[in-house]
Amino acid sequence: MNHVLTRAALAAALTLAAGGAQAADKLKVGFMLPYSGTFAALGNAIENGFKLYVAEQGGKLGGREIEYFKVDDESNPAKAAENANRLIKRDQVDVLIGTVHSGVAMALAKAAKDADTTLIVTNAGANAITGPLCGPGIFRTSFTNWQPAYAMGPVARAKGHQTAVTITWKYAAGDEAIGGFKEGFEKAGGKVVRELSLPFPNVEFQSLLTEIAALKPDMVFTFFAGGGAVKFVQDYHAAGLDKTIPLYGSGFLTDGTLQAQGASAQGLLTTLHYADGLNTPRDNAFRADYAKAYKAQPDVYAVQGYDAAQLMQSGLTAVKGDFAKKEDFRRAMRGTTVDSPRGPFTLSAAGNPVQDIYLRQVDGLENKVVEVAVKKLADPARGCKL
Ligand code: BEZ
């Protein structure tokens with residue numbers, strides 16, 4: 001018997017061996033999230049949600065084990081490009097997961113596009129990411145800042161409010177949320193009479209609250225999140241404004257914050273793509289698993305992280321874990337329906353969820369679902385050219 005391999009057989013054996021080694025390699029996932037500062041709790045919830053889904057799949061996605069890399073972006077746009085490149089160039093991650101702050105996320109999206117690294121945005125709503133910055137490798141499992149805020153416009157008009165004052169942090173998320181609300185509210189016949197703001201992440205609200213009291217609008221619409229949202233709701237209540245001028249917001253105002261806000265948040269109405277009390281088998285199972293794993297209730301941020309892992313799973317399953325098939329991986333993700341705890345959603349051509357926006361009301365420690373405010377709301381994706 002001839003034990004000498006021909007050249008062709010040797011080449012084939014080497015190719016097979018290389019393929020086998022590649023399949024055995026771990027998939028590198030880079031978390032760029034805030035682990036300090038006003039959005040720290042949000043970053044942790046996203047990571048918890050992502051890892052919960054991976055744990056439910058036996059610790060693998062598409063049959064591949066995962067190796068995690070982490071950077072604390074501190075919600076600091078000035079450090080964003082450098083932080084993104086640590087994950088892209090130093091750690092050479094296969095997929096980027098992040099982040100929370102819109103300004104940081106825009107720099108992250110630019111770096112991801114330049115390097116052709118797949119990015120799944122797990123919170124930041126910057127309209128530009130699935131607008132002018134859109135691309136085949138850019139995905140989002142959260143929302144655009146426009147989406148939940150726009151949905152509140154017709155809701156507020158239906159409650160009979162004619163005039164509104166808005167208040168937010170002066171940065172992309174705040175500006176765009178106010179823009180979304182204004183579009184929805186004025187289209188429905190209302191008028192935004194004053195737009196108030198303060199720099200991110202300041203929480204010195206007193207002079208602006210005095211201005212609101214003097215303006216006497218029918219209602220106030222706001223975008224704040226994390227620690228800033230806790231303080232704003234407490235200050236609004238302490239000033240007694242909630243007795244005369246109802247406060248509304250994008251749901252971040254009361255998500256993951258109710259324990260700290262206590263009595264000051266009771267009864268608040270907000271719009272968001274997730275709510276408590278959906279009572280679907282999918283959401284109930286997710287909530288039970290999350291509570292068991294982390295001894296805490298999940299919030300919208302945990303859902304967005306969980307769904308990023310689900311989205312990756314759909315892409316990796318399609319390519320049988322072979323990440324070299326990047327285009328097929330991305331195509332499969334774009335075409336999937338994510339079986340989210342929020343309810344199933346698809347992605348628009350720009351890569352943003354087309355999803356129901358719920359009206360919720362704070363009741364104790366829950367943002368209880370009242371109704372679907374807008375069904376299957378798609379962001380207009382202005383400026384996206386694919
Ligand atoms: C943002 O910057 O896009 C953002 C931050 C926290 C909650 C929601 C949006």
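A disulfide is a pair of cysteine sulfur atoms within 2.5 Å. In general terms, a disulfide is a covalent bond between the sulfur atoms of two cysteines. The model you are looking at is predicted, and by this rule the count comes to 1 disulfide. Cys134 and Cys384 form it, with their sulfur atoms 2.2 Å apart. The link of Cys134 and Cys384 is right-handed, with 85° about the S-S bond. This pair links distant parts of the chain, 250 residues apart: Cys134 sits in the loop between β5 (118–121) and β6 (138–140), while Cys384 lies in the segment after β15 (366–377).

How exposed is each of the two partners? The table has the values.

| Residue | Relative accessible area | Class |
|---|---|---|
| Cys134 | 3% | buried |
| Cys384 | 22% | partly exposed |

Cys134 counts as buried because its 3% is under the 20% cut-off.

Now on to the helix. Helix α8 covers residues 226–238, 13 residues in total, and reaches 19 Å from its first C-alpha to its last, close to the 18 Å expected at 1.5 Å a residue. Which residues of α8 are buried? They are Gly226, Gly228, Ala229, Val230, Phe232, Val233, Asp235 and Tyr236. The buried residues of α8 pack against helices α2 (40–56), α7 (206–215) and α9 (258–261), and against strands β7 (163–169), β9 (219–223) and β10 (247–250). Just after α8, Gly240 takes a positive phi of about 75°.

Terms used
Residues are numbered from 1 along each chain as its sequence is written. This is a predicted model: local features need pLDDT of at least 70, side-chain atom pairs count only at pLDDT 80 or more; totals for chains, interfaces and linings use all residues. Side-chain values use heavy atoms; hydrogens and water are left out. Helices (H or I, at least four residues) and strands (E, at least two) are DSSP runs, numbered from the N terminus. The expected span of a helix is 1.5 Å times one less than its number of residues. Buried means under 20% relative accessible area, exposed over 50%, partly exposed in between (1.4 Å probe, protein chains only). Contact means heavy atoms within 4.5 Å.
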